[in-house]
Amino acid sequence: MPEETNITDDVILPPECVVEEKWFDRVAVVSAAGTVDMLTSPKLEERIAAALVQKPAALVVDLTDVEFLASAGMSVLIAANQQVPEGVRFAVVADGPVTGRPLKLVGVADIVDVYTTLEEALEKLAA
């Protein structure tokens, strides 16, 4: 009788990214959670564009719940900063080794206002 062999395939699931939009008066907040990479960054890009169509006074991208931020995600932030119409303020919420540190290391924090909390960003943008 042949020996029984168990064969299991490693299943590689695509990264998950959840993107939501909330409004605080005239400030649009686009929040991402999970992985923001080459596969998922278009979701973030689309939500940012949809928020801008509604003509906010300011736009905040909140990366508080992001677990991995790839260069594709950072490119979306740079593009959003360039696409924001004149008179609309733009900011990013990022803190720590996963989001804040990479934004500083690659220079994104030099061209985009980066805050450590959503509360701080909303306070500064409302002023």
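I start with a definition: a residue is called buried under 20% relative accessible area, exposed over 50%, and partly exposed in between, using a 1.4 Å probe and protein chains only. This is a predicted model, so local features need pLDDT of at least 70 and side-chain atom pairs count only at pLDDT 80 or more, while totals for chains, interfaces and linings use all residues. Residues are numbered from 1 along each chain as its sequence is written, and side-chain values use heavy atoms, with hydrogens and water left out.

Take Ala-57. Ala-57 sits in the loop between H1 and E3. Those labels are DSSP runs numbered from the N terminus, with helices (H or I) of at least four residues and strands (E) of at least two. Contact here means heavy atoms within 4.5 Å. Not counting residues up to four places away in sequence, Ala-57 touches Arg-26, Gly-87, Val-88 and Arg-89. Pro-85 is 28 residues from Ala-57 along the chain, and their C-alpha atoms are separated by 9.8 Å.

Next, the helix before that loop. H1 covers residues 41–53, which is 13 residues, and spans 19 Å from its first C-alpha to its last, close to the 18 Å expected. The expected span is 1.5 Å times one less than the number of residues.

Which residues of H1 are buried? They are Ser-41, Leu-44, Ile-48, Ala-51 and Leu-52. These lie on the same side of H1, because they cover an arc of only 100 degrees around the axis. The arc is taken from the directions that run from the helix axis to the C-beta atoms. As background, an α-helix has 3.6 residues a turn, so residues three or four places apart point the same way. On the other side of H1, Glu-46 and Val-53 are exposed.

What do the buried residues of H1 pack against? They pack against strands E1 (17–24), E2 (27–36) and E3 (58–69), and against helix H2 (71–83). Ser-41 is one example: its relative accessible area is 6%. Leaving aside neighbours within four places in sequence, Ser-41 is in contact with Val-36, Ala-72, Gly-73 and Val-76. After H1 comes Lys-55, with a positive phi near 55 degrees.

Now the sheet. Five strands form an open sheet in the order E1-E2-E3-E4-E5, with mixed pairing. E1 and E5 (113–115) are at the edges with a single partner strand each, so one side of each has no neighbour in the sheet. Two strands pair if DSSP finds at least two bridges between them. E2 and E3 run parallel and are joined by nine bridges. In this pairing, Ala-28 stands opposite Leu-59 in E3.

Last, the core. A nonpolar core is a set of buried Ala, Val, Leu, Ile, Met, Phe, Trp, Tyr and Cys residues joined through side-chain atoms within 4.5 Å. The largest one has 27 residues, of which Leu-44, Ile-48, Leu-63, Val-92 and Leu-103 touch the most other members. E1, E2, H1, E3, H2 and E4 each supply at least two residues of this core. Its largest share, five residues, comes from E3. Apart from this core lies another, of eleven residues, among them Val-29, Ala-91, Ala-121 and Leu-122.
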